[in-house]
There are 2 protein chains.
Amino acid sequence: MPKAVVLLSGGLDSTVTLAHSLNDGNETVALTFEYGQRHSRELDSAKAAAEYYNLKHIIVNMDMSSFRSSLIGDSNNIEKDRKNIGNDIPDTYVPARNIIMMSIAAGICESIDADMIYIGANTVDYSGYPDCRKEFFTAFEEMLSKGTKAGAEGHPIRIVTPILNLSKAEIIRSGKTLGAPLHLTWSCYSGGKKACGHCDSCLIRSKGFEDAGYEDEVEYR
Amino acid sequence: MPKAVVLLSGGLDSTVTLAHSLNDGNETVALTFEYGQRHSRELDSAKAAAEYYNLKHIIVNMDMSSFRSSLIGDSNNIEKDRKNIGNDIPDTYVPARNIIMMSIAAGICESIDADMIYIGANTVDYSGYPDCRKEFFTAFEEMLSKGTKAGAEGHPIRIVTPILNLSKAEIIRSGKTLGAPLHLTWSCYSGGKKACGHCDSCLIRSKGFEDAGYEDEVEYR
């Protein structure tokens, strides 16, 4: 049985990606990073999704304090920043984030003899992110084939991106088809019990469910 | 003035690599990882080397608890393991270690607009490590050129390996020539105030100094 490590943030995309790995017949391990996210709500969702499928769940703490990004740090300052820049999209780019997370996933793959890393990267929503492009994932696979024991032994770790070119509506439909626990996922930039309904992430999510023709079971304020 | 992030463990190789970056005329930032090493002696050496040159020094904590490696964890167990296997070389391979450290270094490069990562990898001492080979570093550079903002903007981060093909004696000679603070470096697998003098790392170091024709200023028990 092939073995996969799935990057699971607790959001919609990574949870659907998790469902793909299971559907592909892999023994699946979920991997979540804690890197000083603004709220732990997303982490709770990741835990809930892993529990839903009764999977081994590895949570890795990352010290990203040396990194500049509005995703990291004091949430009060973020709110202030957001007001200051007049509801513009916050700068959510974490330098080399996918590279770092996939590298750690590769280390875990080597530790547990897993064959694949599944990542819910998407070129549609994140067209400006260089680390969400197909050519990047190909180069990453090549790098792993040269730089890991698995690669040297002739069974390099593969990167699998099942939702890379899907629209949000297509992601939701494929999640529904695979029975993914979309009701447990979290997209809102804010924490709390209910989603705010008006941040960029909530808007993209809502439109996705509408386009897909499904009701979003997550509660909104 | 070009800017470089140098991976600095506190050992001989990385300290000489640091001296190379400075000698190459780079504005240099030292980067050290704390990942549950057996002792903090090496970290102290890294701090001392950065202070010696009066450099900015970034220390990143890494949670490697999910990784299997004898370098990580309870030193009592390691000693026991070592006895059990009859003084064999301990398994010091940390899965994907260089990949992970270089990925985080790349993120820091992006954060501080640095152009290069210097790493003291060496094919002579670590011929069995796939992540110490030239072809790996080339593939890593290619991956970074595809997956980072810097790469997308046409100024990809470069990986510089000044001691890649040098013998230990040559590394020591080049360190001496560049005025690197070799007396502050630490190679011994054990902690303590003085090096043990008989672990593999001490033996390689001692022979290196002997071959190079220099006296090792580090104290041995």
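At 54% relative accessibility, B:Asp113 counts as exposed, where exposed means over 50% relative accessible area, buried under 20% and partly exposed in between (1.4 Å probe, protein chains only). B:Asp113 sits in the loop that joins H4 and S4 of chain B; helices (H or I, at least four residues) and strands (E, at least two) are DSSP runs, numbered from the N terminus. Its phi is near 55 degrees, a positive value in a residue other than glycine. B:Asn54 also has a positive phi, near 60 degrees, and is likewise a residue other than glycine. The loop that holds B:Asn54 lies between helix H2 (41-52) and strand S3 (56-61) of chain B. With a relative accessibility of 70%, B:Asn54 counts as exposed.

This is a predicted model, in which local features need pLDDT of at least 70 and side-chain atom pairs count only at pLDDT 80 or more, while totals for chains, interfaces and linings use all residues. Residues are numbered from 1 along each chain as its sequence is written, chains are lettered from A and ligands numbered from 1 in the order in which they are written, and side-chain values use heavy atoms, with hydrogens and water left out.

The model scores ipTM 0.86 and pTM 0.87. For chain A the mean pLDDT (the predictor's confidence in each residue, from 0 to 100) is 85, and 82% of its residues reach 70 or more. Residues 68-91 of chain A have a pLDDT below 50, and this stretch has 36 contacts in the model beyond near neighbours in sequence; contact means heavy atoms within 4.5 Å. Where pLDDT is low, the predicted coordinates should not be read in detail.

Chain A contains eight helices and five strands. Their order from the N terminus on is β-α-β-α-β-α-α-β-α-α-β-α-α. Chain A has 221 residues, of which 55% count as buried. Among the contacts in chain A with a separation of 6 or more, 73% come from residues 24 or more positions apart.

Helix H1 of chain A covers residues 12-23. Its 12 residues reach 17 Å from the first C-alpha to the last, close to the 16 Å expected at 1.5 Å a residue; the expected span is 1.5 Å times one less than the number of residues. The buried residues include A:Leu12, A:Val16, A:Leu18, A:His20 and A:Ser21. They pack against strand S1 (3-7), S2, helix H2 (41-52), strand S4 (116-118), helix H7 (168-178) and helix H8 (200-212) of chain A. A:Gly25 follows H1(A) and has a positive phi, near 85 degrees.

Strand S2 (residues 27-34) of chain A holds A:Thr28. A:Thr28 counts as buried at 7% relative accessibility. Leaving out residues up to four places away in sequence, A:Thr28 touches A:Ala4, A:Val6, A:Leu18, A:Ser21, A:Leu22 and A:Leu55. With the side chain of A:Ser21, the side chain of A:Thr28 makes a polar contact (2.9 Å). A polar contact is a pair of N or O atoms within 3.5 Å; within protein, one must be able to donate a hydrogen and the other to accept it, and residues adjacent in sequence count only if both atoms are side-chain atoms. The A:Thr28 side chain also reaches the backbone oxygen of A:Asn26 at 3.0 Å.

The next topic is the relation between the chains. Chain A is superposed on chain B by a rotation of 180 degrees with 0.0 Å of shift along its axis (RMSD 0.0 Å), using least squares on the C-alpha atoms of residues with pLDDT of at least 70 in both. The two copies are thus related as by a two-fold rotation axis. The same surface serves both copies, and 100% of the contact residues of chain A recur in chain B.

A:Ser103, in helix H4 of chain A, has a relative accessible area of 0% and is buried. Not counting residues up to four places away in sequence, A:Ser103 touches A:Phe140 as well as B:Ala96, B:Ile99, B:Ile100 and B:Ser103.

Helix H5 of chain B (residues 134-147) has 14 residues and reaches 20 Å between its first and last C-alpha, close to the 20 Å expected at 1.5 Å a residue. Its buried residues are B:Phe136, B:Phe137, B:Ala139, B:Phe140, B:Met143, B:Leu144 and B:Gly147. Seen down the axis of H5(B), these residues fall within an arc of 160 degrees, so they line one face of the helix; the arc is that of the directions from the helix axis to the C-beta atoms. The cover over the buried residues of H5(B) includes helix H4 (97-112) and helix H5 (134-147) of chain A, together with helix H4 (97-112), strand S4 (116-118), helix H6 (149-152) and strand S5 (158-160) of chain B.
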